[in-house]
Amino acid sequence: QVQLVESGGGLVQAGGSLRLSCAASGLTSGSYTLGWFRQAPGKEREFVAAITWSGDMVYYADSVKGRSTISRDNAKNTVYLQMNSLKPEDTAVYYCAADRFPINLRTVTINPSSYTYWGQGTQVTVSS
């Protein structure tokens, strides 16, 4: 059974940084892509960043590109999202997601409906 547990959220001032972590268990076989999504109150869940199993492909939403870095440590089954220069509009619940995709396509990877496994989320609040 796949389980994803996010951590690292919190309250930070605008311009600050946070590092989110997602510890995965139960990824017993196959090459899983791990992604980060976020959902603000009253809004749909949106893509933030994703990374393939080998780390050879990473994807970012335009809204976080240049301010965020996704990475993974397969030995620890953990994916990280380093977010810098945070803005109030980054405030949301951040979710980790995992699934296996036969072909790495951006259109698939950035779609939350493509993912089977989800964590419970971690709250990120950026004050102005």
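**Close-ups of a predicted model**

Asp90 is buried, with 2% relative accessible area; buried means under 20%, exposed over 50% and partly exposed in between, using a 1.4 Å probe and protein chains only. This is a predicted model, where local features need pLDDT of at least 70, side-chain atom pairs count only at pLDDT 80 or more, and totals for chains, interfaces and linings use all residues. Residues are numbered from 1 along each chain as its sequence is written, and side-chain values use heavy atoms, with hydrogens and water left out.

**View 1. Asp90 and Arg67 meet in a salt bridge.** Their N to O distance is 2.8 Å, and a salt bridge here is a side-chain nitrogen of Lys or Arg within 4 Å of a carboxyl oxygen of Asp or Glu. Asp90 sits in the loop between strand 8 and strand 9, while Arg67, 23 residues away, sits in the loop between strand 6 and strand 7 (68-73). Strands are DSSP runs (E, at least two residues), numbered from the N terminus. Arg67 counts as buried, at 12% relative accessibility.

**View 2. Asp90 also meets Arg38.** This salt bridge spans 2.9 Å, N to O, and it links parts of the chain 52 residues apart, with Arg38 in strand 4. Arg38 is buried too, at 6%. Arg38 has another salt bridge, to Glu46, at 2.6 Å, N to O. Glu46 is partly exposed, at 36% relative accessibility.

**View 3. Cys22 and Cys96 form a disulfide.** Their sulfur atoms are 2.1 Å apart; the cut-off for a disulfide is a pair of cysteine sulfur atoms within 2.5 Å. Cys22 belongs to strand 3 and Cys96 to strand 9, so the pair ties together parts 74 residues apart in sequence. The torsion about the S-S bond is about -80°, so this disulfide is left-handed. Cys22 is buried, at 0% relative accessibility, and Cys96 is buried at 0% as well. A search of the whole structure turns up one disulfide.

**View 4. Trp36 and Leu81 are among the residues with the most contacts inside the largest nonpolar core.** That core has 36 residues; a nonpolar core is a set of buried Ala, Val, Leu, Ile, Met, Phe, Trp, Tyr and Cys residues joined through side-chain atoms within 4.5 Å. Trp36 is found in strand 4 and is buried, with 0% relative accessible area. Leu81 touches several residues, including Trp36, Ile70 and Tyr94, where contact means heavy atoms within 4.5 Å.

Definitions and conventions. Helix = DSSP H or I, 4+ residues; strand = E, 2+ residues; numbered from the N terminus. Lists of a residue's contacts leave out its neighbours within four places in sequence.
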